[in-house]
Amino acid sequence: MKRIFAAGLAAAALCTSAASLAQDAPIIIKFSHVVSPDTPKGKGADRFKQLAEQYTDGKVKVEVYPNSQLYKDKEELEALQLGAVQMLAPSLAKFGPLGVREFEVFDLPYVFQNKEDLRKITDGEVGQGLLDKLQPKGITGLAYWDNGFKIMSANSPLQTPDDFLGLKMRIQSSKVLESQMKALDAVPQVMAFSEVYQALQTGVVDGTENPPSNMYTQKMHEVQKHATLSNHGYLGYAVIVNKKFWDELPADVRANLEKAMDEATTYANDIAQQENDDSLAAMRASGKTTFHELSDAERQEWIAALEPVHKEMASRIGQSTIDAVNSALGR
Ligand code: LMR
């Protein structure tokens, strides 16, 4: 099955390069992602398309495929490496299976107090250093895009760490997230994003975590009775391209695409908070999910319960990456 899939991807890659040889044919960038067009990432991808086509005077055509239309989480990374798609923006929690475990530092619970902390990493040397680690995998990292801080949801209230006992919680493919759920005595289950709604609806899993924009646009609030505004962790993206494709672009085209990416990045990061605020407001208005806040004392309990994750995951992430993050955050 896997072999057939890989052969299919290779054939698709061949067709793409043959097509781009045709004279005057535009260079095609297939940009695949797993969320709704109506999210920070979806809107960022659409803005990149618009700017890229404008700045290259139509020499480049960007085809955006949202909602896992082309590939699911794991497949899309394989497809990128094989050249069947050229651009993706996977969540930072999805780089572990590629062998770049250092990205899981972003998943550590309560590691960032706010977006200013986060920017110190993504806009600084640590962020660039992490993107550089993708090069040997045939991938070039172009930018970091925000989504937001995550909330926890289930069909029962999640007010204290004890409330997670035995709950099956869907996670992304990150060992740090697995350790986080285990620290809460929940049962983590890795699952592709495209399958989460149905798994919640049918009770295959009891709950999950995501920023409000993802929860709302996937209609998860229709199948989750409770959610806690815990902001216990961050979900954001690295925009990545197939390195060979990128390196072989004519220099002027690449420069224009970089300009388009810079502007799309500013746009995506500017709208992310508002998108999440609007999604939360819409879910509250629907009355389907009850949203819970944490008191300071409850928040301290969550922090204490999740503290062991940092130590347990240090060797996986790499102490030098953790030290570099702490030092950039002035800790
Ligand atoms: C998830 O799988 O929960 C997220 O990574 C989806 C996304 O891309 O925001």
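Which residue has a polar side-chain atom 3.1 Å from an oxygen atom of the ligand? That residue is N210, and this briefing starts from there. You're looking at a predicted model, where local features need pLDDT of at least 70, side-chain atom pairs count only at pLDDT 80 or more, and totals for chains, interfaces and linings use all residues. Residues are numbered from 1 along each chain as its sequence is written, and side-chain values use heavy atoms, with hydrogens and water left out.

**Around the ligand**

- The ligand is surrounded by V34, V35, K41, S91, K94, R170, Q172, F193, N210, N214, L235 and Y237; a residue is on this list if one of its heavy atoms lies within 4 Å of the ligand.
- K94 has a polar side-chain atom 2.7 Å from an oxygen atom of the ligand.
- Q172 has a side-chain N or O atom that is 2.7 Å from a ligand oxygen.
- N210, from the opening question, has its polar side-chain atom 3.1 Å from a ligand oxygen.
- On its own the ligand has 270 Å² of accessible area, and the protein covers 100% of that; such areas come from the Shrake-Rupley method with a 1.4 Å probe, and for residues only the protein chains shown count as cover.

**K150**

- K150 is in the loop between β4 (139-149) and β5 (151-154); helices (H or I, at least four residues) and strands (E, at least two) are DSSP runs, numbered from the N terminus.
- Is K150 buried or exposed? K150 counts as buried because its relative accessibility is 1%; buried means under 20% relative accessible area, exposed over 50%, and partly exposed in between (1.4 Å probe, protein chains only).
- The K150 side chain makes a polar contact with the side chain of E209, at 3.1 Å. A polar contact is a pair of N or O atoms within 3.5 Å; within protein, one must be able to donate a hydrogen and the other to accept it, and residues adjacent in sequence count only if both atoms are side-chain atoms.
- Leaving out residues up to four places away in sequence, K150 touches a list that includes E209, N210, H232 and L235; contact means heavy atoms within 4.5 Å. Two of these, N210 and L235, are also among the residues around the ligand.

**The nonpolar cores**

- The largest nonpolar core has 54 residues, and F103, F106, F112, L134 and I240 touch the most other members. A nonpolar core is a set of buried Ala, Val, Leu, Ile, Met, Phe, Trp, Tyr and Cys residues joined through side-chain atoms within 4.5 Å.
- Helix α11 (residues 296-317) gives the most to this core, with seven residues.
- Setting aside neighbours within four places in sequence, I240 is in contact with residues including L77, L80, F95, L134 and I139.
- Another core lies apart from it, with 44 residues, among them A143, A199, L200 and V253.

- W302 sits in helix α11 and counts as buried because its relative accessibility is 0%.
- Beyond its neighbours within four places in sequence, W302 is in contact with Y110, M152, F164 and L294, among others.
- W302 and L134 are 168 residues apart in sequence, and their C-alpha atoms are 33 Å apart in space.
- In helix α12 (residues 319-328), the buried residues are T321, I322 and V325. Seen down the axis of α12, they fall within an arc of 100 degrees, so they line one face of the helix; the arc is that of the directions from the helix axis to the C-beta atoms.
- S320 and S327 are exposed on the other side of α12.
- The cover over the buried residues of α12 includes α4 (115-122), α5 (125-132) and α11.
- Just after α12, G330 takes a positive phi of about 70 degrees.

**Loops worth a look**

- Most residues other than glycine have a negative phi.
- S68 has a positive phi near 55 degrees; S68 lies in the loop between β2 (60-65) and α3 (73-82) and is buried, with a relative accessible area of 13%.
- K219 also has a positive phi, of about 60 degrees; K219 is in the loop between α8 (212-217) and β9 (226-228) and counts as partly exposed at 44% relative accessibility.
- A93 is in the loop between β3 (87-88) and α4, and counts as buried at 1% relative accessibility.
- A93 and E104 are eleven residues apart along the chain, with 5.7 Å between their C-alpha atoms.
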